[in-house]
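Here are my notes for your first read-through. Keep the model open and check each point as you go.

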Amino acid sequence: MEESELTKKIAELSPSAAAFNRLCELAALLRSPGGCPWDRAQTPQTLRETLIEETFEAVDAICEHNSAHVQEELGDVFFNLVLIARCYEEQNEFDVSRSLNEVCAKLVRRHPHVFAGAETERSIGTVSEEKNQWEQIKEHLEGRTADSALASVPKEFPPLLKAYKMLKKAAEAGFDWRSAGQAREKVLEELREMQEADCDSLEEEVGDFLLASVNLSRKLGVNPCIALENAVQKFKKRFLSVEKSMKESGLEMKCENDKAMLAFWNEAKNIENKADF
């Protein structure tokens, strides 16, 4: 596909272009002297937390498979991004068009197998080949070299995601177990050390166990962040069912009633399993 063809296709998307322009104008209006006090008080630093929250809400909507909710939450993410860009524009740093044009140029540059006329052109047949090419372009054409394979992992990532990304980057650099079996043995080793730990070293050993578990998950081809989120949602659903059943039975949620709670838990689990068929 020629880049000029891409430009023509984008130009034809007038409804989307008009909607995005309207959003940019609204952000400018809200930040103006006669606009909203809250929006005017924001800075890129204060909007970091809001952006993270809105992004997680969008991810939740995607996990719910609710397209209407996804539509709403993506709109909130878009607004936060535009508002942040507006703050930088007011500081004469850059405007949203420069940011968008830069990412478009980067995407064209990093997909020479798609766009004719790019700096490098070769046939790509697999996702792995495309990924290798992507990294080569970053290093050789863009000069994005780093002292460490871990340098690109953001410091502000949540611990679980940070662990997964660091272990993934380390593996890509050649630091990895040869098999999932070796990673599994490491988990068992860390579990034993955690069980034998005293109070002073328990926190450290728990951390080592969790890190080894994340690494095993990665080695098995499972994203631990997604796996844990699914497990949390499953736990929530079953726990709410237990709460309801205990209340209907006139029983309190306490250790003395653990047999009743376990029975209701298994009942909720069986209902889920039947619903899967």
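1. Start with Asp176. Its relative accessibility is 32%, so Asp176 counts as partly exposed; the band for that label runs between 20% and 50%. Bear in mind that this is a predicted model.

2. Which residue does Asp176 meet in a salt bridge? The partner is Lys219, with N to O at 2.8 Å. This pair links distant parts of the chain, 43 residues apart. Asp176 sits in the loop between α8 (159-172) and α9 (180-196). Lys219 belongs to helix α10, residues 202-219. Lys219 is partly exposed too, with a relative accessible area of 23%.

3. Now take a pair inside one helix. Glu189 and Lys186 form a salt bridge, and their closest N and O atoms are 3.2 Å apart. Both are in helix α9, three residues apart, so about one helical turn separates them. Glu189 is partly exposed at 30% relative accessibility. Lys186 is partly exposed as well, with a relative accessible area of 26%.

4. Salt bridges that share partners also build a network, which joins Arg31, Arg86, Glu89 and Glu90. In total, the structure holds eight salt bridges.

5. Look at one link of that network. The side chains of Glu90 and Arg86 meet in a salt bridge at 3.3 Å, N to O. These two residues are four apart in helix α5, which means about one helical turn lies between them. Glu90 has a relative accessible area of 35% and is partly exposed. Arg86 has 23% and is partly exposed.

6. Stay with helix α5, residues 67-90.

7. Which residues of α5 are buried? They are Val70, Glu73, Val77, Asn80, Val82, Leu83, Ile84, Ala85 and Cys87. Note that Glu73 and Asn80 are in this list. The cover over the buried residues of α5 includes α2 (14-31), α3 (37-41), α4 (47-63) and α6 (96-109).

8. Check the start of α5. There, a side-chain oxygen of Asn66 comes to within 3.2 Å of the backbone nitrogen of Ala68. His65 is in the loop between α4 and α5. His65 is not a glycine, yet its phi is positive, about 55 degrees. Its relative accessibility is 75%, so His65 counts as exposed.

9. Then check what follows α5. Just after this helix, Asn92 takes a positive phi of about 60 degrees, although Asn92 is not a glycine. Its place is the loop between α5 and α6. Is Asn92 buried or exposed? Asn92 is exposed, with a relative accessible area of 73%.

10. Turn to α2. Its 18 residues should span 26 Å at 1.5 Å a residue. The end C-alpha atoms are 26 Å apart, which agrees. The buried residues here are Leu23, Cys24, Ala27 and Arg31. Seen down the axis of α2, the buried residues fall within an arc of 95 degrees, so they line one face of the helix.

11. What lies on the face of α2 turned away from the buried side? That face carries the exposed residues Pro15, Arg22, Glu25 and Leu29. On the buried side, the cover includes α3, α5 and α6.

12. Finally, step back to the whole protein. There are 12 helices and zero strands. Of the 277 residues, 22% count as buried. Take contacts between residues at least 6 apart in sequence: 51% of them join residues at least 24 apart. The accessible surface comes to about 19800 Å². Carbon and sulfur atoms account for 56% of that surface.

Notes:
Residues are numbered from 1 along each chain as its sequence is written. This is a predicted model: local features need pLDDT of at least 70, side-chain atom pairs count only at pLDDT 80 or more; totals for chains, interfaces and linings use all residues. Side-chain values use heavy atoms; hydrogens and water are left out. Buried means under 20% relative accessible area, exposed over 50%, partly exposed in between (1.4 Å probe, protein chains only). Contact means heavy atoms within 4.5 Å. A polar contact is a pair of N or O atoms within 3.5 Å; within protein, one must be able to donate a hydrogen and the other to accept it, and residues adjacent in sequence count only if both atoms are side-chain atoms. Accessible areas come from the Shrake-Rupley method with a 1.4 Å probe; for residues, only the protein chains shown count as cover. A salt bridge is a side-chain nitrogen of Lys or Arg within 4 Å of a carboxyl oxygen of Asp or Glu. The expected span of a helix is 1.5 Å times one less than its number of residues. The arc is that of the directions from the helix axis to the C-beta atoms.
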